[in-house]
Amino acid sequence: MVITGFLGDTFAASRLLKFSTDSLFVPIAHSHRIFIHVRGPNGFICNTMMRAHVRRNRPEQALLVYTLMRDGDVAADTYTYPILLQSCSQRLAEVEGKLIHGQVIKVGFDSDVYVGNTLINMYAVCGCLGDARKVFDESCALDSVSWNSMLAGYVSADNVDEAKWLYERMPERNVIASNSMIVLLGRSGHLEEAAKVFDEMPERDLVSWSALVSCYEQNEMYDEALRKFKEMVVDGVLVDEVVLITVLSACTHLVVGMTGQLIHALAIKAGIELYINLQNALIHMYSICGELVAAEKLFSSACTLDLISWNSMISGYLRCGEVEKARSLFDSMPQRDTVSWSVLISGYAQRDRFADALALFQNMQLEGIQPDETILVSVISACTHLSALDQGAWIHAYIRKKQMKVNVILGTTLIDMYMKFGSVPNAMEVFRAMEEKGVSTWNALILGLAMNGFVKESLATFSEMKECSIVPNEITFLAVLGACRHMGLVEEGRRHFDAMSRKHGIEPTIKHYGCMVDLLGRAGKLTEAEELIANMPVPPDVSTWGALLGACKKHGDNVMGERVGRKLVDLQPEHDGFHVLLSNIYASKGSWDNVHEIRGMMRQHGVIKTPGCSMIEVKGTIHEFLAGDKTHPQSEDIEKMLDDMAKKLKMEGYAPDTREVLLDIDEEDKETTLFRHSEKIAIAFGLLTIDAPTPIRIMKNLRICNDCHMAAKLISRAYDREIVVRDRHRFHHFKQGSCSCLDYW
């Protein structure tokens with residue numbers, strides 16, 4: 001046509017261009033070349049080209065055609081401006097849209113209902129609801145599209161009040177408008193109103209049912225979502241992929257695998273079971289419900305798999321405890337995203353495989369994948385459990401270097417880590433730098449300060465929390481009562497315990513009562529502690545009785561201790577700690593026959609005493625020591641350091657507290673046994689390998705004994721070193737011969 005000159009014929013050119021733009025197999029660039037060769041294009045031809053650009057998501061090209069149109073003095077019509085306004089909507093080009101609006105008014109097309117509707121839509125899409133409403137209110141003629149466009153703007157902006165006002169005044173509430181209102185009301189939590197709109201609809205379509213089912217699912221009313229879906233099926237409404245994915249999500253949250261199987265059967269009946277999003281939802285549902293065989297069958301038989309498919313299957317394996325299968329599948333993935341790494345790292349952490357979590361994180365770093373907040377939370381938690389402060393601090397430095405936002409969860413995890421390492425200044429630094437703090441953040445700080453002996457600061461933080469209008473929860477009061485417990489603040493503990501229900505409406509749980517029993521017991525108020533147990537509104541658990549037993553041991557009340565200990569051994573015969581405490585009580589008064597009886601009971605029930613273990617991190621490596629340990633590669637140097645420590649301790653006036661050795665042996669052997677406790681060996685290793693002024697940080701799995709506590713105080717003064725020991729209950733910061741606990745623990 002170019003050669004023959006037919007492109008000069010406007011009618012022929014317009015037919016050719018329309019055919020070209022309507023044909024999806026013809027590239028848009030080819031159609032544009034045809035347009036360029038047309039001599040003297042009219043308004044229809046220009047509109048056709050602009051419309052094609054908009055349909056192919058090339059809105060900026062539509063505006064260029066309009067510029068050519070104006071340069072060629074081609075008159076625009078009522079079809080031109082709606083196309084241009086659609087292009088502005090696609091680009092969210094508010095400024096250009098307003099300029100075109102000005103031209104619409106100038107040429108007098110603002111009274112045209114089609115032009116008016118596209119103006120309303122353009123302003124609504126660009127978020128200019130005030131301008132959209134002005135066009136709507138000033139329009140001479142409104143049709144159903146006008147009302148729907150204005151309503152859609154309010155729905156997109158989650159403006160419930162204006163949407164309800166407009167919906168109530170609609171001359172005709174069509175299905176589209178009602179569906180939009182159901183979506184908005186459900187999304188905003190107005191479920192009763194959403195259901196009312198649905199019930200009042202004279203006719204409903206698939207979208208109406210899907211919208212209501214989705215409302216219930218989004219608001220965690222999963223049973224109601226399934227009930228409404230059942231009504232939908234009974235009503236004969238054909239299902240689609242969207243509604244099935246929604247109800248499968250409800251099945252997943254309720255862990256109802258049988259119902260999920262029925263949904264699967266419906267998908268097969270509807271012929272849509274091979275849709276990949278639906279398959280992913282099914283794999284996830286079966287995995288969560290423990291139906292791994294069904295999930296594996298779907299996964300292996302799928303024609304198409306995407307990253308969600310692989311990640312869902314890995315997550316399913318981890319949930320069911322198949323960690324090795326999860327790792328094998330992860331290793332065989334053709335490609336991975338951040339979620340893939342996150343799922344496996346989090347899975348390792350949740351299964352207490354913290355070393356594997358850290359190793360996988362290091363592999364992730366080597367592959368150049370940037371972690372997200374979820375991964376970092378899991379890895380920091382792993383560092384905490386492994387007592388790996390250096391690695392945890394490195395991750396914190398990584399977060400700062402990458403300028404990653406520290407949200408509530410990540411910040412709280414960092415605070416918890418530093419507090420559990422005794423690094424209070426670092427924890428405080430994280431807290432102060434956080435832009436947003438949740439109640440969990442305050443709880444971590446209150447509890448951490450208390451654990452580290454900063455009880456006054458802990459209680460002051462609780463007061464500050466209330467001044468900041470942060471509402472305390474059950475965990476907050478556990479932390480506050482814990483702070484009072486660590487320093488024996490009985491009256492203040494009572495006051496906070498009473499304020500829980502009286503001021504804050506929080507009923508104390510068994511854990512709160514356990515804290516009060518421990519507080520009273522440590523303070524020597526054993527009779528009052530036992531009376532509190534007797535008068536508790538809930539049955540006492542073994543931990544509560546255990547707190548009283550520990551207090552009996554501390555204060556030498558062997559009569560009550562024997563009674564409570566016998567009760568605990570009967571209640572939980574497999575618990576090693578209760579047997580050991582009762583045995584120690586007998587040993588302290590020289591009742592060796594009773595000691596042998598308790599140890600015989602332990603052998604009978606297969607109870608093995610947990611050995612004392614102390615861990616210390618040196619240059620990123622964790623070293624573990626048991627009592628009397630001589631297996632370490634540097635054991636000879638450690639022995640020499642222990643001898644040096646013994647000499648300096650004697651110069652400091654140290655006398656071994658042989659009462660801690662509850663064995664029927666002579667005093668000299670008791671002294672030897674005492675000096676080979678795991679924490680003393682760890683301190684010796686720390687003195688050898690960690691240069692001053694870096695603190696020596698030790699993690700102990702059991703409560704530190706009186707003798708080791710006294711020795712650590714004197715060592716800190718003799719060697720001028722700061723020693724931090726975290727035992728089973730709290731931190732001890734030893735410095736210049738004193739401890740942060742003030743000898744109350």
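This is a predicted model: local features need pLDDT of at least 70, side-chain atom pairs count only at pLDDT 80 or more; totals for chains, interfaces and linings use all residues.
Is T384 buried or exposed? I looked it up: T384 has 7% relative accessibility, so it counts as buried.

Residues are numbered from 1 along each chain as its sequence is written, and side-chain values use heavy atoms, leaving out hydrogens and water.

Next I checked where T384 sits: it is in helix α23, residues 373-385. Helices here are DSSP runs of H or I with at least four residues, strands are runs of E with at least two, and both are numbered from the N terminus.

Then I looked at what T384 touches. Leaving aside residues up to four places away in sequence, I found D416, M417, K420 and F421; contact means heavy atoms within 4.5 Å. I also checked P693, which is 309 residues from T384 along the chain, and their C-alpha atoms are 22 Å apart.

Last, I zoomed out. I noted 40 helices and 6 strands in the protein. Its radius of gyration is 36 Å, well over the 27 Å from the globule rule for 745 residues, so the protein is more spread out than a compact globule. That radius is taken over C-alpha atoms, and the rule is 2.2 Å times the number of residues to the power 0.38. Of the 745 residues, 49% count as buried.

Notes:
Buried means under 20% relative accessible area, exposed over 50%, partly exposed in between (1.4 Å probe, protein chains only).
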